[in-house]
Amino acid sequence: MAGLIYAVTRSQTGAHGFDDVHTVDINTAKALLAAGGVLLDVREQAAYEAKHIAGALTLPSLSAGGLIAKTANIVVYCGDGSTLGPRAAHTLTQAGFTHVANLEHGLPGWVDAGLPVESGAGKRV
């Protein structure tokens, strides 16, 4: 399953400028998560606590420090899918994580699709 992320993602460089960032749509993200992938919210803690995708972990600093396997499928998201998410995906890839993708349209896209969100402190990596 670890290689799946590259089979179903598309590289998106333009707007965010990172040639190593792969972007996935909501359906692909859901499939990766259903298969055991890790979902990371890379927004500020206050934004995460106000509303986040159900089950998402928060990563206020990008120091995952061995708590997530370097080969795990990781889907990151931010507030719009074009700023912090791509930057976090790039940083994680540069740190040696091999299967990282950015969620297209971020949290608003998830909400617009009617998928579950929650609030509160949640889980931290």
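Ile68 sits in the loop that joins β5 (57–58) to β6. In this predicted model, Ile68 has a relative accessibility of 8% and therefore counts as buried, the cut-off being under 20%. Its C-alpha lies 8.2 Å from that of Val38, although 30 residues separate Ile68 and Val38 in sequence. Ile68 also belongs to the largest nonpolar core, where it is among the residues with the most contacts.

That core has 17 residues, and Leu40, Ile74, Val76, Leu92 and Val100 join Ile68 in the group with the most contacts inside it. At least two core residues come from each of β3, β6 and α4. The helix α4 gives the most, with 3 residues. In soluble globular proteins, nonpolar side chains tend to be buried together.

When neighbours within four places in sequence are set aside, Val76 is in contact with Leu40, Val42, Gly85, Ala89, Leu92, Val100, Ala101, Asn102 and Leu103.

Just after α4, Gly96 has a positive phi of about 105°.

His90 is also part of helix α4, but with 22% relative accessibility it counts as partly exposed. Beyond its neighbours within four places in sequence, His90 is in contact with Phe18, Asp20 and Val21. His22 is 68 residues away from His90 in sequence, while their C-alpha atoms are 9.0 Å apart.

The helix α2 can be read in a similar way. Its buried residues include Ile26, Thr28, Ala29 and Leu32. They lie on the same side of α2 because they cover an arc of only 160° around its axis. Asn27 and Ala34, on the other side of α2, are exposed.

Is Asp25 buried, partly exposed or exposed? Its relative accessibility is 36%, so Asp25 counts as partly exposed. Apart from neighbours within four places in sequence, Asp25 is in contact with Leu103 and Glu104. Asp25 and Gly109 are 84 residues apart in sequence, with a C-alpha to C-alpha distance of 9.1 Å.

His105 is found in the loop between β7 and α5 (106–112). Its phi is near 70°, a positive value in a residue other than glycine. Most residues other than glycine have a negative phi, and most peptide bonds are trans.

Aromatic rings are the next topic. How many aromatic pairs does a search of the whole structure find? The search finds 0. A ring does take part in another kind of arrangement: Lys70 lies over the face of Phe97, at 4.7 Å from the ring centre.

The overall layout puts these local features in context. The chain has 5 helices and 9 strands, and their order along the sequence is α-β-β-α-β-α-β-β-β-α-β-α-β-β. Of its 125 residues, 44% count as buried. Among contacts in the chain with a separation of 6 or more, 72% are between residues 24 or more positions apart. The chain exposes about 5,800 Å², of which carbon and sulfur atoms supply 54%.

Notes: Residues numbered from 1 in each chain as written. Predicted model: local features only at pLDDT ≥ 70, side-chain atom pairs only at ≥ 80, totals over all residues. Heavy atoms only, no water. Helix = DSSP H or I, 4+ residues; strand = E, 2+ residues; numbered from the N terminus. Buried < 20%, exposed > 50% of the residue type's maximum accessible area, 1.4 Å probe, protein only. Contact = heavy atoms within 4.5 Å. Areas by Shrake-Rupley, 256 points an atom, 1.4 Å probe, with all protein chains shown as cover. Phe/Tyr/Trp six-rings, centres within 6.5 Å; stacked < 30°, edge-to-face > 60°. Lys NZ or Arg CZ within 6 Å of the ring centre and 35° of its normal. Core = buried A, V, L, I, M, F, W, Y, C linked by side-chain atoms within 4.5 Å. Arc of directions from axis to C-beta.
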